[in-house]
Amino acid sequence: MTNMKSLAGTDAGTGAGVVVVGGGQAGFSVVSALRGAGYDGPVTVFADEHHLPYQRPPLSKKAHTDPDGMGVTLVPESFYRERNIGLRLGDGVAAVDTTARVVVTGTGERVPYEHLVLATGARNRPLPVPGAELDGVHALRSIDDALAIGQALTTARDVVVVGGGFIGLELAQVARARGARVTVVELADRLLSRAVSPQLQEHLRERHERTGVRIVTGTAVRAIEGEGRVRRVVTDDGSLPADLVVYGIGAVPRDELARAAGLAVDDGVIVDEQLRSVTDPRISAVGDCARHPHPHADGVVRLESVQNATDQGALVARRIAGSPGPYESLPWFWSDQGDIKLQIAGLRTDTDEVRVLPGDSPERLAAYAFRDERLVAVETLNWPAEHLAARRLLERRTPVSPADLTGSTLGALARARRAAEVRA
Ligand SMILES: Cc1cc2nc3c(=O)[nH]c(=O)nc-3n(C[C@H](O)[C@H](O)[C@H](O)COP(=O)(O)OP(=O)(O)OC[C@H]3O[C@@H](n4cnc5c(N)ncnc54)[C@H](O)[C@@H]3O)c2cc1C
């Protein structure tokens with residue numbers, strides 16, 4: 001493999017210690033938490049990208065044209081060297097032999113493991129329409145994608161965003177801030193249809209439209225047209241001029257390595273409450289590629305968030321270092337869409353009541369979701385303090401009913417309950 005780069009410490013990468021496949025948010029969390037927890041065996045991380053492990057959220061929140069100024073690298077190269085962590089950049093793992101307990105790299109090298117952690121992330125769902133391969137049509141996942149989109153935005157006038165999910169809405173605001181005419185085309189009847197409550201999405205839509213972004217829901221993209229380069233997007237509702245198309249229509253877990261190795265896989269590597277493969281307990285899966293039981297969900301979930309990747313990586317590292325425990329972290333998430341800050345605490349599955357309440361200033365708003373009269377998730381717009389209060393209450397499993405919110409915010413409720421605890 002060309003450009004393969006080994007940044008190993010002195011003895012990292014030898015012996016059968018911990019091998020991590022994937023140098024993203026979750027893989028980084030595993031290796032840094034392993035050393036933090038005192039694990040002193042060999043640690044090697046295989047990363048098929050050529051960049052030092054980096055964070056993806058900033059990629060969709062502004063336009064990037066300068067690779068050196070992106071500021072997304074998680075830690076400098078010296079971090080790995082000083083901790084004797086073998087970092088194999090541009091070096092993908094092609095197969096896992098679970099009987100011999102080795103991973104096989106793209107060049108055929110066989111590297112033994114005692115524990116294997118799969119942190120392979122997810123890939124973008126391809127846009128299944130004619131013309132998706134034209135110049136000027138982009139998806140966003142990597143640094144290289146972000147630079148290509150940033151470059152295109154320096155000249156684009158008509159931008160069509162296909163998909164009204166987090167990444168699409170973030171990019172719509174980035175393009176709008178650059179002065180482009182922006183249309184978001186969403187197949188579902190509303191934005192963020194799986195991620196936020198219907199009650200909140202109307203407010204979100206109105207805030208996007210206020211910035212001049214045009215939003216078209218319940219509409220399918222049929223084709224992208226142009227001669228070599230995109231010129232227009234054809235939808236069931238007519239054609240839209242476009243010199244840049246960005247699509248974000250969801251992601252699929254990169255679980256093919258696990259599947260080929262004979263591990264149980266179903267839209268993600270299936271793991272138990274300690275994030276061990278249900279097929280082979282010497283293998284764990286963390287981050288976007290893992291499907292796991294969760295006390296905040298009814299059944300198993302696969303979550304795509306920095307919080308989840310970070311907390312799962314740390315949990316597996318602690319187990320390998322001798323302190324096992326179940327994965328119970330409260331899910332939380334954020335998305336910055338121009339001036340709109342959306343934050344979510346908890347999981348809004350099977351909720352039976354949602355109350356939207358205004359905050360103490362016009363831009364603040366929160367949707368509180370209840371299951372069986374108990375608060376399970378809170379979505380906030382531009383209200384970080386209420387998000388943090390929600391996290392504190394949900395983490396402690398403090399019961400909050402719809403009646404508790406009459407005339408009160410969670411912040412006020414949390415303060416009142418703390419004061420009562422102190423008095424008792
Ligand atoms: C543009 C964008 C914006 C986002 N914004 C937010 C946000 O605002 N808030 C939030 O909470 N989350 C956000 N996310 C989601 C968050 O970044 C992911 O949930 C998180 O990165 C998952 O971490 P991970 O390690 O599981 O996967 P990744 O970070 O994707 O890392 C997986 C790595 O494994 C590598 N890999 C895969 N297979 C192999 C192999 N066989 N050999 C070697 N390497 C391999 C991949 O190339 C990749 O580098 C965003 C994601 C994107 C793409």
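**View 1. Asn 84 sits in the loop between helix H2 (77–82) and strand E4 (85–89).** Helices (H or I, at least four residues) and strands (E, at least two) are DSSP runs, numbered from the N terminus. Asn 84 has a positive phi of about 55 degrees, although it is not a glycine. Most residues other than glycine have a negative phi. Before you look further, note that this is a predicted model, in which local features need pLDDT of at least 70, side-chain atom pairs count only at pLDDT 80 or more, and totals for chains, interfaces and linings use all residues. Residues are numbered from 1 along each chain as its sequence is written, and side-chain values use heavy atoms, with hydrogens and water left out.

**View 2. Arg 397 lies in the loop between helix H8 (384–395) and helix H9 (410–423).** Here, too, is a residue that is not a glycine but has a positive phi, of about 55 degrees.

**View 3. Here are the residues around the ligand, 32 in number.** A residue counts as near if one of its heavy atoms lies within 4 Å of the molecule. Those that come nearest are Ala 26, Asp 48, Glu 49, Lys 61 and Asp 288. Look for the polar contacts, which are pairs of N or O atoms within 3.5 Å; within protein, one must be able to donate a hydrogen and the other to accept it, and residues adjacent in sequence count only if both atoms are side-chain atoms. A polar backbone atom of Ala 26 is 2.8 Å from an oxygen atom of the ligand. Arg 56 places a polar side-chain atom 3.0 Å from a ligand oxygen, and for Arg 254 a side-chain N or O atom is 3.3 Å from an oxygen atom of the ligand.

**View 4. Domain 2 and domain 3 bury about 1100 Å² between them.** Buried area is the accessible area (1.4 Å probe) that two parts lose on being put together, summed over both. Carbon and sulfur atoms give 68% of that area. Helix H5 (residues 198–210) gives the most to the side of domain 2 that touches domain 3, with seven residues. Between the two domains, five residue pairs are in polar contact (both at pLDDT 80 or more). How many salt bridges cross this interface? The rule, a side-chain nitrogen of Lys or Arg within 4 Å of a carboxyl oxygen of Asp or Glu, finds zero.
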